Amino acid sequence: MSTTKQFQVTFDCAEPARLAAFWCEVLGYVVPTVPEGFATWEEYHRTLPPEDEIYFACTDPSGVAPRLLFQRVPEGKVVKNRVHLDVRAGAGLVGEERLATLEAECARLMALGAKHVLTQRADGVNESCITMQDIEGNEFCLA
C-alpha cells in the first residue's frame, strides 16, 4: 500500500512571479531564497535558456501546507477550473460573524487584484462562502 507524504499544487499561468506574489499575500506564504549568486528571482530567470520552463514557487513558512508552483504556459485560461483552492478564512465561524469575516477577506483580496464572483449566503444547511478569481482568472473560494 502506497502513502502520499507530500504534494504540491501547480498552476499553469502567464506570469509566474506575479501570481506567486498574489498567493503569498493570500495565504501568508513565502518565496524561497534566491539561488546563490543572484540578487533576485528575475535575474536568475534571465540566465535560463529561452526554451527552459519559467516557474516560481512559494511555501507555507510552517512547512505544513502544500507548496504552490506556478509555471508559465503559452496558452491562456479558457474554461472553469476543475480543481480549486478553498481558503478557509471563516473556519469555525457561523452565521453573520462568518459572513462578515469572509466579506472582509474578500475586500482585502480585491485590493490585491482578485475578483468577486459570487456570495453564497448560509441557507440552513450550508454556511456562507464567497467565490472569487485570482489575478489570472483562476477560481477559488473563501470558506
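1. Residues 8–142 of this predicted model are 26% helix and 25% strand. An unreviewed UniProt entry places the feature "domain: Glyoxalase-like" at residues 8–142. That label comes from the record.

2. An open sheet is formed by 3 strands, in the order β1-β3-β2, with mixed pairing. β1 and β2 stand at the edges and each has a single partner strand, so one side of each lacks a neighbour in the sheet. On average, neighbouring strands of the sheet are turned by 20° against each other, direction ignored.

3. Within the sheet, β1 and β3 run parallel and are joined by 6 bridges. As an example to find in the structure, T10 has L69 of β3 as its bridge partner. The helix α1 packs on this sheet and touches β1, β2 and β3. The direction of α1 makes about 155° with that of β3.

4. Nonpolar side chains tend to be buried together in soluble globular proteins. Here the largest nonpolar core has 27 residues. W23, F70, M132, F140 and L142 are the residues with the most contacts inside this core. At least two core residues come from each of β1 (8–13), α1 (16–27), α2 (41–46), β2 (55–58), β3 (67–72), α3 (95–111), β6 (129–133) and β7 (139–142). α1 gives the most, with 6 residues.

5. What does L142 touch, not counting residues up to four places away in sequence? The contacts of L142 are V87, L102, E105, C106, L109, C129, I130 and M132. L142 and M132 are both among the residues with the most contacts inside the largest nonpolar core.

6. How many disulfides does a search of the whole structure find? The search finds 0. C24 is in no disulfide, and its nearest cysteine sulfur, that of C58, is 3.7 Å away. A disulfide is a covalent bond between the sulfur atoms of two cysteines. The cut-off used here is 2.5 Å between the sulfur atoms. Seen from C58, the closest cysteine sulfur is that of C24, and at 3.7 Å the two are too far apart for a bond.

7. Are C24 and C58 buried or exposed? C24 counts as buried because its relative accessibility is 9%, and the cut-off for buried is under 20%. C58 is also buried, with a relative accessible area of 0%.

Key. Residues numbered from 1 in each chain as written. Predicted model: local features only at pLDDT ≥ 70, side-chain atom pairs only at ≥ 80, totals over all residues. Heavy atoms only, no water. Buried < 20%, exposed > 50% of the residue type's maximum accessible area, 1.4 Å probe, protein only. Core = buried A, V, L, I, M, F, W, Y, C linked by side-chain atoms within 4.5 Å. Helix = DSSP H or I, 4+ residues; strand = E, 2+ residues; numbered from the N terminus. Contact = heavy atoms within 4.5 Å. UniProt positions renumbered as here; feature names shortened; annotations may be inferred. Pairing = 2+ DSSP bridges. Axes fitted to C-alpha atoms, helices over the stretch in contact; angles between N-to-C directions.
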